[in-house]
Amino acid sequence: MDFENISRPQRENLHKWGKARKIVDEERIKLLFGSDDRYQFKVEGNTSDYTLGVDIDTGETFCPCAFQGDTCSHQIAAHLFLAEIGLENTSYR
Ligand SMILES: [Zn+2]
């Protein structure tokens, strides 16, 4: 990848992944519960805490934060967390 000419959306995306990585590393994400089809997490954001859900079958994530866009850093953090504890559904990796 040419980092000199990285586009703004790409830059924002990388920033988001960096934030998600930090959330996991600093243990600001906790698994509240898991059922057969859904996991629920609590994430400590910069300004407030969020409760978000992951649909295990589809890999879809739901976060109530105000982020405008496809996937916020909290949702990426949830996927990183699941991947690390070996629970993520391999079909949407
Ligand atoms: Zn979020």
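This is a predicted model: local features need pLDDT of at least 70, side-chain atom pairs count only at pLDDT 80 or more; totals for chains, interfaces and linings use all residues.

Visitor: Which residues of α1 are called buried?

Guide: The buried residues of α1 are K16, A20 and I23. The label requires 20 or more other C-beta atoms within 10 Å of a residue's own, and K16, A20 and I23 carry that label.

Visitor: Why are the buried residues of α1 said to line one face of the helix?

Guide: Viewed down the axis of α1, the buried residues fall within an arc of 60 degrees, so they line one face. An α-helix has 3.6 residues a turn, so residues three or four places apart point the same way. The cover over the buried residues of α1 includes β1, β2 and α2. On the other side of α1, Q10, R11, H15, G18, K22 and D25 are exposed.

Visitor: How many bridges join β3 to β4?

Guide: Two bridges join β3 to strand β4 (residues 61–62), and the strands run antiparallel. At least two are required, so β3 and β4 count as a pair. The partner of V54 in β4 is T61. This hairpin has five residues between its strands, and G59 in the turn has a positive phi of about 80 degrees.

Visitor: Why are β1 and β4 placed at the edges?

Guide: The open sheet has the order β1-β2-β3-β4, with antiparallel pairing. β1 (29–34) and β4 each have a single partner strand, so one side of each is left without a neighbour in the sheet. Helix α2 (residues 73–84) packs on the sheet and touches β1, β2, β3 and β4.

Visitor: Which residues touch the most other members of the largest nonpolar core?

Guide: Of its 15 residues, they are I29, F41, V43, A77 and A78. At least two residues of this core come from each of α1, β2, β3 and α2, and the largest share, five residues, comes from α2. F41 has contacts that include I29, L52 and A78.

Key: Residues are numbered from 1 along each chain as its sequence is written. Helices (H or I, at least four residues) and strands (E, at least two) are DSSP runs, numbered from the N terminus. Two residues are in contact if their C-beta atoms, placed from the backbone, lie within 7 Å. Axes are lines fitted to C-alpha atoms, for helices over the stretch in contact, and angles run from 0 to 180 degrees between N-to-C directions. A nonpolar core is a set of buried Ala, Val, Leu, Ile, Met, Phe, Trp, Tyr and Cys residues joined through C-beta atoms within 7 Å. A residue is buried if 20 or more other C-beta atoms lie within 10 Å of its own, exposed if 12 or fewer, and partly exposed in between; C-beta atoms are placed from the backbone. The arc is that of the directions from the helix axis to the C-beta atoms.
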